[in-house]
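This report describes a single protein chain for a computational reader. The sequence and the structure are shown first.

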Amino acid sequence: MESLDETQHFFNEGYTEYRPNLTVDCAIFGYHEGELKLLLVKSKVITKWCMPGGFVRKDENLEEAAARITAWRTGIGNLFLKQFKTFGEPGRNNPRGIFDEDKFYQLTGIKLEQDNWLTGETVSVGYYAITDIVNAHPSADFLSSECAWFSIDCVPELGFDHDRMLRDAIFAMRIDLYHFPIGKNLLQPKFTLKEIKLLYEVLSGKKLNPTNFPNKLISLNIISRLDEKRKIGAHRSPAYYKFNEDVYEKALVEGLVLV
């Protein structure tokens with residue numbers, strides 16, 4: 001929602017285009033230079049930071065909704081997306097104590113009545129995505145004051161049940177690392193074994209064997225060596241590697257045992 005007109009239409013007549021009571025929330029992880037970050041949104045009318053999310057349109061499925069929201073917030077399409085959990089605890093989206101009704105009215109001219117289509121309980125389907133921070137362009141909208149990256153170790157207290165969502169998203173992502181070759185879009189087209197090992201250490205939160213891990217990637221044909229080396233000094237010229245596209249894409253669908 002980029003304008004006042006769009007916002008007013010959404011709150012007053014959004015039920016004609018969106019499914020009431022069904023949302024998706026997205027834990028968008030960003031990786032850059034050995035650090036994992038989380039993309040958060042600060043609303044002008046909600047006092048706590050939240051993960052990006054939104055209602056599901058009537059003409060799209062859940063994954064399409066998650067792809068739309070992640071693309072809008074990052075400026076990048078076709079991110080790796082994985083559904084990790086559904087959240088439906090009673091009262092989970094109660095805005096009591098964090099929603100500024102006066103500020104909302106000042107911005108939109110709308111007073112939310114109890115029978116508004118947005119005031120009921122919602123069930124939210126959680127997705128996580130992973131992107132390269134360098135290529136991302138965080139985007140706020142009419143009701144957002146900021147959209148920014150936070151180090152995963154310095155995330156503020158989140159609104160609604162998003163603290164729990166984040167914990168579950170991290171857990172799911174780290175479990176999935178054992179079965180899917182996540183991360184092709186987080187590295188340059190050619191990379192060293194040290195770089196891919198660091199990526200997986202940051203994502204998994206644990207140290208990996210410097211020999212066994214890359215050898216496993218090579219034996220699975222996920223990556224292959226190039227006839228090119230990085231020149232970083234005398235006697236220090238590590239070989240470059242690349243992902244094998246067909247094998248990588250097949251593994252994303254069928255899974256494998258990676259680490």
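The model is predicted: local features need pLDDT of at least 70, side-chain atom pairs count only at pLDDT 80 or more, and totals for chains, interfaces and linings use all residues. Residues are numbered from 1 along each chain as its sequence is written, and side-chain values use heavy atoms, with hydrogens and water left out.

**Overall architecture**

The protein chain has 7 helices and 9 strands, taken as DSSP runs (helices H or I of at least four residues, strands E of at least two) and numbered from the N terminus. Along the principal axes, its C-alpha atoms fill a box of roughly 70 × 35 × 30 Å. Of its 259 residues, 45% count as buried; this term denotes under 20% relative accessible area, exposed denotes over 50%, and partly exposed lies in between (1.4 Å probe, protein chains only).

**Salt bridges**

How many salt bridges does a search of the whole structure find? The search finds 11, a salt bridge being a side-chain nitrogen of Lys or Arg within 4 Å of a carboxyl oxygen of Asp or Glu.

| Pair | Closest N to O |
|---|---|
| R68 and E60 | 2.6 Å |
| K190 and E228 | 2.4 Å |

In the pair of R68 and E60, R68 is partly exposed at 24% relative accessibility, whereas E60 is buried at 9%.

K190 forms its salt bridge with E228. Because K190 is in the loop between α4 and α5 (193-204) and E228 is in strand β8 (residues 223-229), this pair ties together parts that are 38 residues apart in sequence. K190 is partly exposed at 32% relative accessibility, and E228 is likewise partly exposed at 34%. Elsewhere, salt bridges that share partners join D25, R92 and D161 into one network.

**Helix α6**

Which residues of helix α6 (residues 212-219) are buried? They are F213, P214 and L217. These residues lie on the same side of α6 because they cover an arc of only 95° around the axis, the arc being that of the directions from the helix axis to the C-beta atoms. The face turned away from the buried side of α6 carries the exposed residues N212 and S219.

E13, E17, D59, E63 and E64 gather in a patch of negative charge on the surface. Patches consist of residues with over 30% relative accessible area and no salt bridge; like charges are joined within 9 Å, and nonpolar side chains (Val, Leu, Ile, Met, Phe, Trp, Tyr) within 5 Å.

L198 lies in helix α5 and is partly exposed, its relative accessible area being 38%. From L198 to E249 the separation is 51 residues in sequence and 22 Å in space, C-alpha to C-alpha.

Definitions and conventions. Areas by Shrake-Rupley, 256 points an atom, 1.4 Å probe, with all protein chains shown as cover. Lys, Arg positive; Asp, Glu negative; His and termini not counted. Charge placed at Lys NZ, Arg CZ, Asp CG, Glu CD.
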